[in-house]
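Please open the structure in your viewer and keep the sequence beside it. The tour below goes from one selection to the next and says what is there at each stop.

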Amino acid sequence: MKPPQGEVSIPLQPPERGATPAAGPDEQPRDYVVWSLFNVLLGYGLAYLGCFCFPALVYSIKARDCKVLGDLEGALNGARAKVWNVICSVLMGLTLLIVVIIIMATI
């Protein structure tokens, strides 16, 4: 004889799915790995500026590792990566502008 079975309820959505995300202290810091990798590859290909962009890649990978491990204070290295990425992007933009000006002047 089988024992009587109770009603089974299976939730279709995870508990956090229905809640609206609130920006607060539990927000994850950003890492800029893709931007850093793009800057390094484009910097080396463009004008050997990748050496200036390499610290951004190091800081962003360091920030991602800390974020994965749950060390939010260590993940604040992403802010340093952002500063280095901005510097590298500006340098590459200026380099491209100078190259275009030189090419247009020779034509």
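This is a predicted model: local features need pLDDT of at least 70, side-chain atom pairs count only at pLDDT 80 or more; totals for chains, interfaces and linings use all residues.

Residues are numbered from 1 along each chain as its sequence is written, and side-chain values use heavy atoms, with hydrogens and water left out.

Colour the chain by pLDDT, the predictor's confidence in each residue on a scale from 0 to 100. The protein chain has a mean pLDDT of 81, and 81% of its residues reach 70 or more. Helices here are DSSP runs of H or I with at least four residues, numbered from the N terminus.

Next, select helix 2, residues 50-69. Within helix 2, Gly50, Cys53, Ala56, Leu57, Ser60, Ala63 and Cys66 are buried, where buried means under 20% relative accessible area, exposed means over 50%, and partly exposed lies in between, with a 1.4 Å probe and protein chains only.

Move on to glycine 70, which follows helix 2 and has a positive phi, near 90°. Glycine 70 sits in the loop between helix 2 and helix 3 (77-106), and it counts as exposed because its relative accessibility is 52%.

Now select Asp31, Arg64 and Lys67, which are linked in a network of salt bridges, a salt bridge being a side-chain nitrogen of Lys or Arg within 4 Å of a carboxyl oxygen of Asp or Glu. Aspartate 31 and arginine 64 have their closest N and O atoms 2.5 Å apart; since aspartate 31 lies in the segment before helix 1 and arginine 64 in helix 2, the pair ties together parts that are 33 residues apart in sequence. The bridge from lysine 67 to aspartate 31 has its closest N and O atoms 3.9 Å apart. Aspartate 31 is buried at 12% relative accessible area, whereas lysine 67 is partly exposed at 25%.

Which residues make up the largest nonpolar core? Select Val40, Leu49, Cys53, Leu57, Cys88 and Met92, the six residues that form it; such a core is a set of buried Ala, Val, Leu, Ile, Met, Phe, Trp, Tyr and Cys residues joined through side-chain atoms within 4.5 Å. Helix 2 and helix 3 each supply at least two residues of this core.

Then select asparagine 85, which lies in helix 3 and is buried, with a relative accessible area of 0%. Leaving aside neighbours within four places in sequence, asparagine 85 is in contact (heavy atoms within 4.5 Å) with Tyr32, Trp35, Ser36, Asn39 and Ala56.

For the last stop, show the rings of tyrosine 32 and tryptophan 35, which form an edge-to-face aromatic pair, 5.9 Å centre to centre with 70° between the planes. Rings of Phe, Tyr and Trp (its six-membered ring) pair if their centres lie within 6.5 Å, and planes under 30 degrees apart count as stacked, over 60 as edge-to-face and the rest as tilted.
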